[in-house]
Amino acid sequence: MNQPVIVRAIRYPEEYAAVLTLWQNAGEGVHVGMSDTPEEIEKKLARDPDLFLVAEMGDDIVGSVLGGFDGRRGLIYHLAVRADLRQQGIGDSLMAEVEGRLREKGCRKVYLLVTRGNTPAMVFYEKRGWQEMDIHLFGKNLQD
Ligand SMILES: CC(C)(COP(=O)(O)OP(=O)(O)OC[C@H]1O[C@@H](n2cnc3c(N)ncnc32)[C@H](O)[C@@H]1OP(=O)(O)O)[C@@H](O)C(=O)NCCC(=O)NCCS
């Protein structure tokens with residue numbers, strides 16, 4: 001029987017390495033990139049310290065989600081649950097908590113990106129009431 005799962009804000013920097021390992025082992029659905037270095041995560045935490053959540057089971061970090069709110073829209077990044085603990089409701093608990101925290105901040109609408117072909121994630125989000133949007137997403141690097 002698994003121990004109870006607690007969803008709470010990350011303790012940084014102590015838990016950074018465990019979360020990075022979780023992301024690196026999450027599969028193609030989580031792209032670990034230039035925004036995930038300690039320097040960049042510190043910028044993120046300076047803005048939304050209460051929206052970077054982890055799922056803790058015993059002494060282990062077994063899930064994470066990174067939320068953001070720019071005053072108009074919310075964004076969700078890097079939802080991940082350790083592979084051997086999936087389909088037990090941990091992803092659901094992480095999303096419920098981050099969505100609740102965004103709502104409390106006055107956020108009315110929230111977006112997230114799903115890698116093309118990540119059908120399990122799409123099924124998961126649709127079960128939670130998320131709808132795929134008919135939109136072209138554009139991006140631009142500003143630092144290189
Ligand atoms: C997506 C992910 C976070 C879901 O976490 P999880 O803890 O397994 O999800 P839950 O157990 O809370 O599932 C919630 C619901 O989604 C469903 N679901 C979850 N994974 C599913 C899958 N692979 N296929 C079908 N349904 C799935 C569950 O059955 C459950 O439905 P129910 O309430 O009717 O039983 C997890 O699969 C994961 O870490 N994937 C790799 C990383 C990734 O792709 N992240 C998304 C980035 S956009």
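## Aromatic pairs and ligand shell

Tyr-12 is partly exposed, with a relative accessible area of 22%. Tyr-16, by contrast, is buried, at 13% relative accessible area, because the limit for buried is under 20%. The model described here is predicted.

In total, the structure holds four aromatic pairs. One of them joins Tyr-12 and Tyr-16: the ring centres are 5.9 Å apart and the planes stand at 75°, so this pair is edge-to-face. Trp-23 belongs to helix 1 (residues 16–24) and Phe-52 to strand 2 (residues 52–57), so their pairing ties together parts that are 29 residues apart in sequence. Both Trp-23 and Phe-52 are buried. A single aromatic cluster is formed by Phe-124, Tyr-125 and Trp-130.

The ligand is surrounded by 21 residues, the closest being Leu-79, Gln-87, Gly-89, Gly-91 and Asp-92. By class, this shell has twelve nonpolar, six polar and three charged residues.

| Residue | Protein atom | Distance to a ligand oxygen |
|---|---|---|
| Arg-86 | polar side-chain atom | 3.3 Å |
| Asp-92 | backbone N or O atom | 2.8 Å |
| Lys-127 | polar side-chain atom | 3.1 Å |

Taken alone, the ligand exposes 910 Å², and the protein buries 76% of that area. Strand 4 (74–81), helix 3 (90–104) and helix 4 (119–127) are the elements that give two or more residues to the shell around the ligand. Helix 4 gives the most, with six residues.

How values were computed
Residues are numbered from 1 along each chain as its sequence is written. This is a predicted model: local features need pLDDT of at least 70, side-chain atom pairs count only at pLDDT 80 or more; totals for chains, interfaces and linings use all residues. Side-chain values use heavy atoms; hydrogens and water are left out. A residue is near a molecule or strand if one of its heavy atoms lies within 4 Å of it. A polar contact is a pair of N or O atoms within 3.5 Å; within protein, one must be able to donate a hydrogen and the other to accept it, and residues adjacent in sequence count only if both atoms are side-chain atoms. Accessible areas come from the Shrake-Rupley method with a 1.4 Å probe; for residues, only the protein chains shown count as cover. Helices (H or I, at least four residues) and strands (E, at least two) are DSSP runs, numbered from the N terminus. Ala, Val, Leu, Ile, Met, Phe, Trp, Tyr, Cys and Pro count as nonpolar, Asp, Glu, Lys and Arg as charged, and the others, Gly among them, as polar. Rings of Phe, Tyr and Trp (its six-membered ring) pair if their centres lie within 6.5 Å; planes under 30 degrees apart count as stacked, over 60 as edge-to-face and the rest as tilted. Buried means under 20% relative accessible area, exposed over 50%, partly exposed in between (1.4 Å probe, protein chains only).
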